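Please look over the sequence and the structure below. The paragraphs after them go through a few local features in turn.

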Amino acid sequence: MPSRRASCPTYVRFSELDGRSVGVWGAGREIRSLAAQLARRVPSARIVVVAADEALDPTVVAELGDPRVVGAREAAAALGACDVVVRSPGVSIYRDELRALRERGVPVTTATGLWLAERGGAGVIGVTGTKGKSTTAGLIHHLARAAGGPAELAGNIGVPALDLLDRPPGELAVVELSSYQIADLEVGPEVVAITNLYPEHTDWHGSDAAYRADKLRILGLPGVRSSVLNARDTALAAAARTAPDPVFYGGPDGWDATPEGISYRGGPPAVGTGELPLRGEHNALNLCAALAALGAAGVAAPPLPAGLAGFTGLPHRLEVVADADGVVWVDDSISTTPESTLAALASFAD
């Protein structure tokens, strides 16, 4: 096999793992999906080392092919002997151990990064943002399916991205992308939709400035053809100056949310307020983002509001769990920022 240092490109595609030794950090569902796909598609590649910050279930280790298991102290040395290192999204790229690996020339990526590089981003709508990305990704997927076309959903609310390797390359894939995945992503989706940008995850990124930079770097990645941005977010409006083919929503030049519902370029409401599937202006904007992203991807939306039939909210997002004795109990535990909590409160006028 050729030397790793001479043969590995800046980024690695899944198919290029053939015959290589793979190290992983973490053992979440993305890593387990990687192990399953390696066994199916490139059995000459093998996970030889798994680094973990805590003890791993032996059943999980067996799923990964019974590799050598090391802790954080041994990680840099053990993973440094591998051809490629694939990290779980929760493992920060700013850890000293991963910095040391990159300085030694060892490619470090994620399972989602391997899949996007394999696909070149074609036919992919990537959705990110501090809040609303799961709902927006779910809406895009629902609307695409309602329009009659094939579409797959991957990310935190869908399957792991590598599970889509069997799908035809021209089939639409909607992928939710966190800042953890974007931070070292090397190939972007064809269409990027960003819902908003608030301070969050500074423990992982090290600072708010790094978090914002890691989020926005997706706009400059190879493969990105169009960017769908929230016109009401000042940080995103500023980023549009260098974004590829920006498409705005949340303003008069595109899909917008008004007290009457959502409309396109000031026209009559396509979906009235009483017909919206989810409560709150922020969710109306998520629907605007979904429609704008479909348009940017060249996918015709289904007739509205009929195309929204059957769409329900996600767990822990303004989820009404009880209504008793005149009190409505709402689970909105996913609201982990002041901005999302305020949006949730504003959704209940009384």
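Apart from neighbours within four places in sequence, Ser179 is in contact with His201, His205, Tyr211 and Lys215. This is a predicted model, and Ser179 lies in its helix α8, residues 179-182. Is Ser179 buried or exposed? Its relative accessible area is 2%, and buried means under 20%, so Ser179 counts as buried.

One of the contacts of Ser179 is His201. His201 is placed in the loop between β9 (191-194) and α9 (202-205). Its phi is near 55 degrees, a positive value in a residue other than glycine. Most residues other than glycine have a negative phi. With a relative accessibility of 28%, His201 counts as partly exposed.

A positive phi is also found at Arg265, where the angle is near 50 degrees and the residue is again not glycine. Arg265 sits in the loop between β13 (261-264) and β14 (271-272). Its relative accessibility is 55%; the cut-off for exposed is over 50%, so Arg265 counts as exposed.

Another backbone feature is the peptide bond between Leu304 and Pro305, which is cis, with omega about 5 degrees. Most peptide bonds are trans. Pro305 belongs to the loop between α12 (281-296) and β15 (319-324).

Next comes helix α5, residues 96-103, in which Glu97, Leu98 and Leu101 are buried. Why do the buried residues of α5 line one face of the helix? Seen down the helix axis, they fall within an arc of 95 degrees, so they share that face. On the face of α5 turned away from the buried side are the exposed residues Asp96 and Glu103. Just after α5 comes Gly105, with a positive phi of about 90 degrees.

Last, the confidence of the prediction. The mean pLDDT of the chain is 92, and 95% of its residues reach 70 or more. Over residues 1-9, pLDDT stays under 50. For residues 1-9 the model has 20 contacts beyond four places in sequence.

Methods. Residues are numbered from 1 along each chain as its sequence is written. This is a predicted model: local features need pLDDT of at least 70, side-chain atom pairs count only at pLDDT 80 or more; totals for chains, interfaces and linings use all residues. Side-chain values use heavy atoms; hydrogens and water are left out. Helices (H or I, at least four residues) and strands (E, at least two) are DSSP runs, numbered from the N terminus. Buried means under 20% relative accessible area, exposed over 50%, partly exposed in between (1.4 Å probe, protein chains only). pLDDT is the predictor's confidence in each residue, from 0 to 100. Contact means heavy atoms within 4.5 Å. The arc is that of the directions from the helix axis to the C-beta atoms.
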